[in-house]
Amino acid sequence: MRPPMTPQPARTVRVFTQRFSSTPLGARLARHLALHQLHAWGVPHGSDASDTVALLVAELAANAVTHGRVPGRDFELRLTRTSHTLRIEVSDTRGERRPPAHLTVPRPLADSGRGLLLVEALADRWAVLDRVPVGKTVRVELDLDGPSVP
């Protein structure tokens with residue numbers, strides 16, 4: 001005899017996944033399509049959440065193109081929207097080049113080194129994960145206060 005099933009609340013999860021060329025154009029297209037998809041999911045252009053996602057996707061995609069590029073390999077953007085959370089994942093195929101475990105503030109006139117500090121400041125949570133079979137994924141999560149997904 002099986003135990004009675006506990007009813008689960010209805011929960012909608014929406015997912016958008018797309019691969020892009022590891023070029024500056026690919027990074028710009030990733031940001032553009034991410035904002036278009038958010039708008040389709042009820043997060044309007046120009047809202048605080050949309051503007052934050054624009055910055056995060058731009059930074060993560062630029063990092064994938066700059067630091068995670070392997071010639072002939074694409075990077076991948078994945079957005080996952082639940083009722084209260086938006087997850088952004090950017091994956092590349094260069095697993096040996098990982099962000100530092102501890103972020104440090106760059107020298108005042110340094111040309112780089114501020115991107116992940118921006119991610120740290122804007123995201124509610126973020127992590128770097130291994131990607132199977134090869135590469136890494138930078139995962140960022142934002143807690144959304146807006147209307148829930150229908």
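1. In this note, a residue is called buried when its relative accessible area is under 20%, exposed when it is over 50% and partly exposed in between, with a 1.4 Å probe and protein chains only. Helices (H or I, at least four residues) and strands (E, at least two) are DSSP runs numbered from the N terminus. The model is predicted: local features need pLDDT of at least 70, side-chain atom pairs count only at pLDDT 80 or more, and totals for chains, interfaces and linings use all residues. Residues are numbered from 1 along each chain as its sequence is written, and side-chain values use heavy atoms, with hydrogens and water left out.

2. Helix α3. The residues G115, L116 and V119 of α3 are buried. They lie on the same side of α3 because they cover an arc of only 90° around the axis, the arc being that of the directions from the helix axis to the C-beta atoms. As background, an α-helix has 3.6 residues a turn, so residues three or four places apart point the same way. The buried residues of α3 pack against α2, β4 (125–130) and β5; contact here means heavy atoms within 4.5 Å.

3. Sheet order. Five strands make up an open sheet, arranged β1-β2-β3-β5-β4 with antiparallel pairing; two strands pair if DSSP finds at least two bridges between them. β1 and β4 are the edge strands, each pairing on one side only. From one strand to the next, the twist averages 15°. Helix α1 packs on the sheet, where it touches β1, β2 and β3, and its direction makes about 15° with that of β2. Axes are lines fitted to C-alpha atoms, for helices over the stretch in contact, and angles run from 0 to 180 degrees between N-to-C directions.

4. Strand β3. Six of the eight residues of β3 (residues 85–92) are buried. On one side, six bridges join β3 to the antiparallel strand β2 (residues 75–81), and R81 stands opposite L86. A hairpin of three residues connects β2 to β3. Strand β5 (residues 136–143) also pairs with β3 in the antiparallel sense, over eight bridges, with R139 of β5 as the bridge partner of E89.

5. Six bridges hold the antiparallel pairing of β4 and β5. R125 is opposite E141 of β5, and A127 is opposite R139 of β5. Five residues separate β4 from β5 in this hairpin, and G135 in the turn has a positive phi of about 110°.

6. Nonpolar core. A nonpolar core is a set of buried Ala, Val, Leu, Ile, Met, Phe, Trp, Tyr and Cys residues joined through side-chain atoms within 4.5 Å. The largest one has 30 residues, of which V53, F75, L77, L86 and I88 touch the most other members. Two or more residues each come from β1 (14–20), α1 (24–40), α2 (48–67), β2, β3, α3 (115–122) and β5. With eight residues, α2 gives the most to this core.

7. Two individual residues. Which residues are in contact with L86, leaving aside its neighbours within four places in sequence? They are L38, W41, V53, T80, R81, V140, E141, L142 and L144. T52 lies in helix α2 and is buried, with a relative accessible area of 19%. Leaving aside its neighbours within four places in sequence, T52 is in contact with L122 and L142.
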